[in-house]
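I opened the notebook to record what I looked up in one structure. The entries go from the whole chain down to single residues.

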Amino acid sequence: MTSTTVVRKPVRWGRVALHVGCLAALLVMLYPLAWLLATSLKPADEVIASLDLLPSHLEWSNYKTALDGVNDVSIWRLLANSLLIAGGAVLGNVISCSLAAYAFARLRFRFRGPLFAFMIATIMLPHHAVLIPQYIIFNQLGLVNTYWPLILPKFLATEAFFVFLIVQFMRGLPRELEEAARIDGCGPFRSFFQVVLPLTRPALITTAIFTFIWTWNDFFTQLIYLFDPDKFTLTLALRSFVDASSTSAFGPMFALSVIALLPIVLFFLAFQRFLVEGMASSGLKG
């Protein structure tokens, strides 16, 4: 009879410590979300007074109050307003930033380098530094208290970060494809729409994801330009639950915060594989 010897692999304590550290970091990052979900179900007297994570009993009336809307405006109107602004911002950034990026990455024109450097320098410019001049312009045009100040700038390629992102992606595409299209009679616009744009899909989807998230979560800009409650978004509606002169409804406010997070989570889950593709792919298949 032959005996078999079982060789046990040594425990790699470094890998174990790495996994434990990753799990600890994951718990730290997920705790605010767990706290938000738990607080949205807490009674009013436990939201501020109690430090316990779990509520003593589930207060579903917080969600009922949140679903009733604020200032006589239904939550569906608030959701539609948020989707309109975020959708318009996504469409504007994808169109304008891709066109500007194609000009910087592929076309030859005078002062292309200095203009590109100037555009990159605007990334360091604080948003609050241009807010007052923009407000004066839109006020003189009679566009304050409308959605145009929140959407129109996106169609002018004002997001230098996304232009830079798409430029770097386009520079990785082989020029032979455009040269072949040019031989077949394609001009710059046709080459852009039929050759370059389909290959740039991962970068465009990355632009769309971050634009949607940033626009959806934007509070300050919407607070400056929107006055009427009928035009409020979900982000602005959260402020209505906190009143300095009366009792603040923190429970419904956190419940509405959970509801406001759902579109962002669903949007990210729907396009996350394209986001990963945009980070890992060079833009070509096969």
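Below are my entries, in the order I made them.

**Entry 1: the whole chain**

I noted before anything else that this is a predicted model. I then looked up the secondary structure and found 14 helices and zero strands. Reading along the sequence, I wrote the pattern down as α-α-α-α-α-α-α-α-α-α-α-α-α-α. The chain has 286 residues, and 38% of them count as buried.

**Entry 2: the UniProt record**

I checked the UniProt entry, which is unreviewed, and it lists "transmembrane region" at residues 16-38, 83-104, 116-138, 150-170, 191-216 and 249-271. I looked at two of these stretches in the model. Residues 16-38 are 100% helix and 0% strand, and their end C-alpha atoms lie 31 Å apart. Residues 150-170 are 62% helix and 0% strand, with 28 Å between the end C-alpha atoms.

**Entry 3: α4 and α10**

How do the axes of helix α4 and helix α10 cross? I found that the axes of α4 (residues 75-106) and α10 (residues 188-199) come within 12 Å and cross at roughly 110 degrees. An angle of 65 to 115 degrees counts as roughly perpendicular, so α4 is roughly perpendicular to α10. On the α4 side of the contact I listed Ser98, Leu99 and Tyr102; on the α10 side, Pro188, Ser191, Phe192, Val196 and Leu197. These residues divide into six nonpolar, two polar and no charged.

**Entry 4: Glu178**

Next I looked up Glu178, which lies in helix α9 (residues 176-183). Is Glu178 buried or exposed? Its relative accessible area is 6%, and buried means under 20%, so Glu178 is buried. Leaving out residues up to four places away in sequence, Glu178 touches Tyr102, Arg106, Val195 and Val196. Tyr102 and Val196 were already in my notes, from the contact of α4 with α10. Glu178 and Val196 are 18 residues apart in sequence, and their C-alpha atoms are 7.7 Å apart.

**Entry 5: Asn62**

Last, I looked up Asn62 and placed it in helix α3 (residues 61-67). Asn62 counts as buried because its relative accessibility is 8%. Which residues does Asn62 touch, not counting those up to four places away in sequence? I wrote down Thr39, Ser40, Leu41, Lys42, Gly251, Pro252 and Ala255.

How values were computed:
Residues are numbered from 1 along each chain as its sequence is written. This is a predicted model: local features need pLDDT of at least 70, side-chain atom pairs count only at pLDDT 80 or more; totals for chains, interfaces and linings use all residues. Side-chain values use heavy atoms; hydrogens and water are left out. Axes are lines fitted to C-alpha atoms, for helices over the stretch in contact, and angles run from 0 to 180 degrees between N-to-C directions. Helices (H or I, at least four residues) and strands (E, at least two) are DSSP runs, numbered from the N terminus. Angles under 35 degrees count as roughly parallel, over 145 as roughly antiparallel, 65 to 115 as roughly perpendicular and the rest as oblique. Contact means heavy atoms within 4.5 Å. Ala, Val, Leu, Ile, Met, Phe, Trp, Tyr, Cys and Pro count as nonpolar, Asp, Glu, Lys and Arg as charged, and the others, Gly among them, as polar. Buried means under 20% relative accessible area, exposed over 50%, partly exposed in between (1.4 Å probe, protein chains only). UniProt positions are given in the numbering used here, feature names are shortened, and annotations may be inferred rather than shown by experiment.
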